[in-house]
Amino acid sequence: MIRKLSVPSPAAPLFGAWPEGILWACLQGRMGNVYTTESMLSAAAVLGDFSFFAGSPDKSLLDAVSVPLLIPQNDAWAAAIAARFGWGIQPITRYATRKDTIFDRKALQIYASSLPNSYTIRIINQKLYNLCLENTWSQDLVSQYSTWACFQTLGLGFAVLRGDTLVAGASSYATFDGGIEIEIDTHPDFRRHGLARACGAALILECLDRGIYPSWDAHNASSLSLAERLGYTPGDPYRAFVRCSPQGEPLL
């Protein structure tokens, strides 16, 4: 039997010192949910597209979680995921960054002010929060915060506009004690114009001014490259699995 913990902290020992901001948000009870088996020997922390599996591998816990991204704690969990889902998942490599990066403020300020005159960067307000939700490509900038009031309390982000059109953004995907996990998205028609770098720099600077840490976990090598340009120190790559559609296409 799988149960959702109303107080997630009893499951924290199963996850150990796993250095992931999204996981911390779940275990601290700030966002997401934590599920365990009745025996409390296995647990899954779930937030948005992410699920982290820890403890003893358990098929019933895998069956209870349906989000696209599955992240195993160890080889045993990885083997259990592969055995359970077979061709329905695709293994990928994700890239962590260190949580103690020291940033170059001057370089970030240059990046944040480097956009052409036709673009502007604005902090995400209620109007921009709603605008992010209107477009599939930009929903993840705010979608983990169910209302504007929730985002206003917990979230933080910046949007890049061309006129009145939203074209890019950097925002919090999750909030944990003392920091946020960063999400960056750009409209497909406006990529490779430095927009992600500029709004990412603006968000990092705002986090530093507020005394919170801007955590970055890269989905692919391109995201890691952008993180490094913004000053992040790479951590260790790690394995994950992405669910696939019936046609075999990854869902992320």
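A pocket is an open set of grid points where a 1.4 Å probe fits, with protein on both sides within 12 Å along at least five of seven lines. The model discussed here is predicted.

Q: What volume does the largest pocket have?
A: The largest pocket has a volume of about 1200 Å³, where a volume is the space filled by probe spheres set on the points.

Q: What makes a residue count as lining the largest pocket, and which residues are the closest to its centre?
A: A lining residue must have an atom within 4 Å of a point. There are 34 residues that line the largest pocket, and the closest to its centre are Ile184, Asp185, Asn220, Ser223 and Leu226.

Q: Which elements give two or more residues to this lining?
A: They are strand 10 (179–186), helix 8 (195–210) and helix 9 (221–229). Strand 10 provides the largest share, 6 residues.

Q: How many residues of the lining of the largest pocket are nonpolar, polar and charged?
A: The lining has 14 nonpolar, 9 polar and 11 charged residues. Asp counts as charged and Ile as nonpolar.

Q: How much space lies in the second largest pocket, and which residues are the closest to its centre?
A: About 310 Å³ of space lies in the second largest pocket. Of its 16 lining residues, Pro19, Glu20, Ala96, Asp236 and Tyr238 are the closest to the centre.

Q: Which element supplies the largest share of the lining of the second largest pocket?
A: Strand 13 does, with 5 residues. Strand 5 (69–72), strand 6 (89–97) and strand 13 (234–243) each supply at least two.

Note on methods. Residues numbered from 1 in each chain as written. Predicted model: local features only at pLDDT ≥ 70, side-chain atom pairs only at ≥ 80, totals over all residues. Heavy atoms only, no water. 1 Å grid on protein atoms, 1.4 Å probe; cavity = no way out; pocket = protein on both sides within 12 Å on 5 of 7 lines; lining within 4 Å. Helix = DSSP H or I, 4+ residues; strand = E, 2+ residues; numbered from the N terminus.
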